[in-house]
Amino acid sequence: MGKKGKKEKKGRGAEKTAAKMEKKVSKRSRKEEEDLEALLAHFQALDATKTQVVETPCPPPSPRLHASLSAHPDKDELILFGGEYFNGQKTSVYNELYTYSIRKDAWTKVEIPNPPPRRCAHQAVVVPQGGGQLWIFGGEFASPDGEQFYHYKDLWVLHLATKTWEQVRDYIYYNDVYAFDLDTFTWSRLCPSGTGPTPRSGCQMSVTPQGSIVIYGGYSKQRVKKDVDRGTQHSDMFLLQPVDGREGKWGWTRINPAGAKPTPRSGFSVAVTPNHQTLLFGGVCDEEEEESLEGDFLNDLHFYDATRNRWFAGQLKGPKSEKRKRRRGRKAEPEGADKQERGGAGAQEPLEVVREVVAEDGTVVTIKQVLAAPVPAGQPQSEEEDSPDEAGGPVVEPSPRSNAMLAVKHGRLYLYGGMFEAGDRQVTLSDLYCLDLHKMQEWTALVEVDPGAQEWLEETESEEDSDEDAEGASDDEDSGDSGGEAGGECGAHAGAGRQETHGRAAPEPSTPCRT
């Protein structure tokens, strides 16, 4: 009887501990929600103190990720808004507005009253109506500890001519297709015919010369077994186009372009070139295992020609020296020799350089760079080509990265920031590069930043977690429970939820959880 009574007492003690923990978690959840709302209200109060427009020349913006970079519709300017930065311990979210003068190579911080709340991963588009407008939709706010998130569904417009912000309207967002009328300021829901893309995040959209919309790529997760999700990096492509003879009617068509298709990836960036092609840059290809995540970051260029429904790899010609014409007279060559030398079996492929970084926890990060193919000794150049500069100089190009911000102005592609990972460390970039899309010769570095000089703080356990562990141990002793299942579960990585919403897989905890 004594043993039975002891077992019953122990069982009641375990139930009591579970009830305490449930109550504690519920109380903590309510407190976190209240803290997040108080933090948002605090930032809103700070923004309310701005009463006039202030434009201040400034150095380049601090490193940030998931901001928006847009080209001014009339001026030679780029517009940077919002973003976030994580230093290993603290997440900072911004609602700052910067402009970059292309001609002067200068940054200006623009403070405007009543701006949108701080956010990152929002959508932005510029239109010429009304003297120029910057439209901002949605986005996300994260608490400094990266544990709480608030997702926006609001719509804002910045009137560029008058430098005034205006919140236009709010609406419920689903996985449907909506159109916004810039004349009436109203939303309308589209119901396209045909089979469209499966639900996903992180896909990219661009407009074709025919007025259709291309949807490419994205990321989604699927439950494969209990408590285990598997991510999918989509590489399919769809065309949303008006139905002939039916005003306001749209239809989905899945397309399968020919040519050199990009490898599957997420976190890539797109822009539209002057000849109406869709440009794709960089991204990351994740290979997920149950306890590891290998990321292959990219810095390659691809172009999609909607008229020909074909992908092309973007190869740079390299720097050119002054034009020097070859002499007309040259020795007789066998018929077809020139063609074979230029594009036959002897043509060399671009050189791919791959290096791996292995962190202490076993995470492998693969960094891949594609370099132009060297010209074999003795191979003649075509008469149309310029003579290249002598080799030996370093290649100037953006490092492999994901989530870079792109804008095109006057036939030039501008690339700002992005991120890559090295083991557990996330490096957020703030450099700025330019590429002439007409010449396609080489990148120009406008702002260079050494990512190795960026501060990174290791994560530490909070005092609250330590207190809870101590209190849990005390409860176990009081109830007689051995606590054998207390360490069977492990919380998610601090940044996991945020990375999932931006269209790529979230990394596993740095130390695998074991029971």
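The charged end of R118 sits over the ring of F43, at 3.8 Å from the ring centre. A charge is counted as sitting over a ring if NZ of Lys or CZ of Arg is within 6 Å of the ring centre and within 35 degrees of the ring normal. The model is a predicted one, in which local features need pLDDT of at least 70 and side-chain atom pairs count only at pLDDT 80 or more, while totals for chains, interfaces and linings use all residues. Residues are numbered from 1 along each chain as its sequence is written, and side-chain values use heavy atoms, with hydrogens and water left out.

The protein has four helices and 26 strands; helices (H or I, at least four residues) and strands (E, at least two) are DSSP runs, numbered from the N terminus. Of its 515 residues, 39% count as buried, where buried means under 20% relative accessible area, exposed over 50%, and partly exposed in between (1.4 Å probe, protein chains only). Among contacts in the protein with a separation of 6 or more, 56% are accounted for by residues 24 or more positions apart; contact means heavy atoms within 4.5 Å.

A search of the whole structure gives 19 aromatic pairs. Rings of Phe, Tyr and Trp (its six-membered ring) pair if their centres lie within 6.5 Å, and planes under 30 degrees apart count as stacked, over 60 as edge-to-face and the rest as tilted. The ring centres of W156 and W165 are 6.5 Å apart and the planes stand at 85°, so this pair is edge-to-face. Both W156 and W165 are buried. Y216 and F268 form a tilted pair, with 5.4 Å from centre to centre and 55° between the planes. Because Y216 belongs to strand β13 (residues 213-225) and F268 to the loop between β16 (258-259) and β17 (269-272), the pair ties together parts 52 residues apart in sequence. Y216 and F268 are both buried. Ring pairs also link W135, F137, F180, F185 and W187 into a cluster.

In soluble globular proteins, nonpolar side chains tend to be buried together. A nonpolar core is here a set of buried Ala, Val, Leu, Ile, Met, Phe, Trp, Tyr and Cys residues joined through side-chain atoms within 4.5 Å. The largest core has 16 residues, of which L69, L78, L80, W107 and Y416 touch the most other members. Two or more residues of this core come from each of β2 (68-71), β3 (77-86), β4 (91-101), β23 (405-409), β24 (412-422) and β25 (425-436). Beyond its neighbours within four places in sequence, L69 is in contact with L78, I79, L80, M405, L406, A407, Y414 and Y416. Another core, of 15 residues, lies apart from the largest one and includes F281, V408, L415 and M440.

L413 lies in strand β24 and, at 0% relative accessibility, counts as buried. Residues up to four places away in sequence aside, L413 touches A271, L279, L301, L406, A407, V408, Y433, C434, L435, L437 and W443.

The structure holds two cavities of 30 Å³ or more. On a 1 Å grid over the protein atoms alone, a cavity is a set of points where a 1.4 Å probe fits but cannot get out, and lining residues have an atom within 4 Å of a point. The second largest cavity has a volume of about 60 Å³, volume being the space filled by probe spheres set on the points, which are joined across faces, edges and corners. Residues lining this second largest cavity include Y216, M237, Y304 and W311. β12 (204-207), β13 and β18 (278-288) each supply at least two lining residues, and β12 gives the most, with three.

Most residues other than glycine have a negative phi. A121, in the loop between β5 (106-111) and β6 (123-127), has a positive phi near 55°. N309, in the loop between β19 (293-305) and β20 (310-314), has a positive phi near 50°.

Terms used: On a 1 Å grid over the protein atoms alone, a cavity is a set of points where a 1.4 Å probe fits but cannot get out, and a pocket is an open set with protein on both sides within 12 Å along at least five of seven lines; lining residues have an atom within 4 Å of a point.
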